[in-house]
Amino acid sequence: MSEKIKEYPGHPLKAEDFKEGKVLTTKWRPNAKYAWSAGIAVSRFLKELKNGRIIARKCNKCGRIMVPPRMFCEWCFKPTDEWVYVKDTGRIITYSISYISAERGRLEKPMVVAVIEIDGASKNMGILHKVEGVDIEEAKDGKLFGMRVKAVWKPPEEREGAITDILYFKPLEEEG
Amino acid sequence: MSIEKIRDPRDIKHWFGNMEADYIYTLGVAGERFFREIKENAKIFGAKCKKCNIIYVPPRMYCERCFEELEEWIEVGSRGTVYTFTIAYVDENGNHLEKPEIWAFIKINGTEGGFIHKLGEVKAEDVYIGMEVEAVFKEKEQRTGSITDILYFKPIE
Amino acid sequence: MIKNRVAVVGAGMTLFRRRMLETGREMCWEAAKMALDSAGLTLKDIDCVVLGTAPDAFDGLHMKGEYLLDGAGAWRKPYVRVYVGGGTGVFVPIAGWWHVASGLFDTCLVIGEEKMSPCHPHPQYAFSTIWDPILTRPLEPNLIWIFALEMHRYMHKYGIKKEDIALVAVKNKKNALDHPCAQIPAKITVEDVLNSEVLVWPVQRLDISPVSDGAAAVVLCSEDVAKKVTDSPVWIDGVGWCLDSTYWTNRELAYPKYVEYAARMAYKMAGIHNPPKEIDVAEVYDPFDYKELHHMEGLQLARKGEAPKLTKEGVTERDGDLPINPSGGLLGVGNPIAAAGMMKVCEIFWQLRGEAGKRQVPDARTGLAQAWGDLMQVGTVIIMRS
């Protein structure tokens, strides 16, 4: 390849070429708005979040208790069978510390996000959420793996039936 | 097989959101040259494939049929023929237009290409397929290197 | 069942850069034309075309496959666009393989293309709809969160340090110095990686591949045609692909099971029983440095948790026992999502033909290219032999 071919095609540009108007452009901003259906399982999940509870769905064939809940089991490919309330405590199975926002700007304060295995659900049934009240340096040292945490909820009147009805998870103080 | 039913419509949740992004498109190797000619000189160019004997308007970097690179560019002029047309009574969001707009595909004479564009300085009932038309450009200071540098096509007397 | 043995007979690619003047179509044409020329074929010789390109949201173009069609040489031909996120780059030659192996066509042009630069403020924003809109997007995530979560889990489970992972970035960026299309080749050190900007701990700036525009293409032929076209066809002897669900918070992130399943499918087809011994050179998907290690283990090229050891010992260098990413990978050459995997396929093709110049791995007879993507869920593997 490199021996037989001398030149590779392409006309690269730099960011300055755009700013200085050296290259012509067309701009467009799409205005697409969406109303996503939550579906049967997640509609109930959100309703229970409003009540300060986390609900899961059980498949009697494989025995998994699943969070987020779903109306069919993707392993057994059959409808799931029961609703099961699970706890709002759990264990951190992995986490990271974000210094950047969704638009790639810098955050003022670093934010810990984690996958939290929920107590009462099957092994590895985690949900993504934020974690607060932890020491960032300890977090960088890998100390948060396996840490027990508990959900901190919005006050009942502020809940709207959304994943953000849980503000974040915080370290659980164990009794003796 | 039992399937859960939701009986109260207020239990069906919807989550609202949007997809937000801004897009800035480059015009490409061929497009950059084509629109510079329109911006600077109000000239319309085409690209000729000698092998297939086609002139592409707008010009392309390559021939879609034989895949050869197109290096010969020809000024094709701004005159064309109405290949087909329609009269729009609603805008892109479906709202009623005060004044109906005439949109046409104008084939540039002597080529296999042309433009979708507006027809102007003509009444809707006078438009016909095969009508000879000519591009009307914006003043040079107002041209930006865009398809809208052509205001519309008007009938040739 | 398989009617034809399939060979790769030509390859081509454009430069990979952060922003290119070319439209997506023009990049397709540049890569496709180069591939055809290198095989001594013209568009008339091509029976069908398969194109891979990732989210329409990057270019802001609906029906992107159809838009790119003429640049892909597919004017009035049987044509299909395939897409499995980052896995597309190796999935597209697999889809091309079906076309020829089935006996339906004798030749197939395969192209991977991506133009990420039109999306502002940053192409990463186009990924915002990869998340579950109800349970995840309200938390305002950015894409690097999931990589960081996966990387951290992998490090924790096997006790791997950042220094060990950074060696991959150092190796690949160094290898890319010898790749003529490379976007960010560089001589860096482990300290450079550890001192680079922290984005989402433990991911730092030099752990990540760049955003790119680019395209790459190959020409596939059935055995009969390949023998007429070239003296050195490169045979596709194994293909494999596998996907997991998007419930990524419900699985063990430290090990990519779906990559293992895709690899086993390809190894079975190719008759490979001892991958680390029988594979001479591998191009393993490396959008982040830790992913090369993660995938090496999924591909059964290293035992679980042991890939960093092989890297430290120099086994994965070009002159080692199992060269990984001699091209420079995504970390060095660039990451135009669907074209990146195709770049790896082109690299294996050139390696197995002895045409890789300064990047050449000695005595390469059996090569593997792997891609991965979507929401941490797809593995695609292709095995080639000269």
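This is a predicted model: local features need pLDDT of at least 70, side-chain atom pairs count only at pLDDT 80 or more; totals for chains, interfaces and linings use all residues.

Begin by selecting strand E3 of chain B, residues 45-49, which is mostly covered, with four of its five residues buried. Next select strand E4, residues 54-56 of chain B, which runs antiparallel to E3(B) and is joined to E3(B) by three bridges, with Lys48(B) standing opposite Ile55(B) of E4(B). Between E3(B) and E4(B) the hairpin has four residues, and there Asn53(B) takes a positive phi near 55 degrees.

Now move to chain C and select helix H4, residues 88-101, whose 14 residues reach 19 Å from the first C-alpha to the last, close to the 20 Å expected at 1.5 Å a residue. Of these 14 residues, 13 are buried, so that H4(C) is mostly covered. Following H4(C) comes Gly103(C), with a positive phi near 90 degrees.

Finally, select helices H6 (residues 162-175) and H11 (residues 289-298) of chain C: how do they pack? Their axes lie 7 Å apart at an angle of about 100 degrees, which makes H6(C) roughly perpendicular to H11(C). Show the side chains of Ile165(C), Ala166(C), Val168(C) and Ala169(C) on H6(C), together with Asp289(C), Tyr290(C), Glu292(C) and Leu293(C) on H11(C), as these residues make the contact; six of them are nonpolar, none polar and two charged.

How values were computed: Residues are numbered from 1 along each chain as its sequence is written. Chains are lettered from A and ligands numbered from 1 in the order in which they are written. Axes are lines fitted to C-alpha atoms, for helices over the stretch in contact, and angles run from 0 to 180 degrees between N-to-C directions. Helices (H or I, at least four residues) and strands (E, at least two) are DSSP runs, numbered from the N terminus. Angles under 35 degrees count as roughly parallel, over 145 as roughly antiparallel, 65 to 115 as roughly perpendicular and the rest as oblique. Two residues are in contact if their C-beta atoms, placed from the backbone, lie within 7 Å. Ala, Val, Leu, Ile, Met, Phe, Trp, Tyr, Cys and Pro count as nonpolar, Asp, Glu, Lys and Arg as charged, and the others, Gly among them, as polar. The expected span of a helix is 1.5 Å times one less than its number of residues. A residue is buried if 20 or more other C-beta atoms lie within 10 Å of its own, exposed if 12 or fewer, and partly exposed in between; C-beta atoms are placed from the backbone. Two strands pair if DSSP finds at least two bridges between them.
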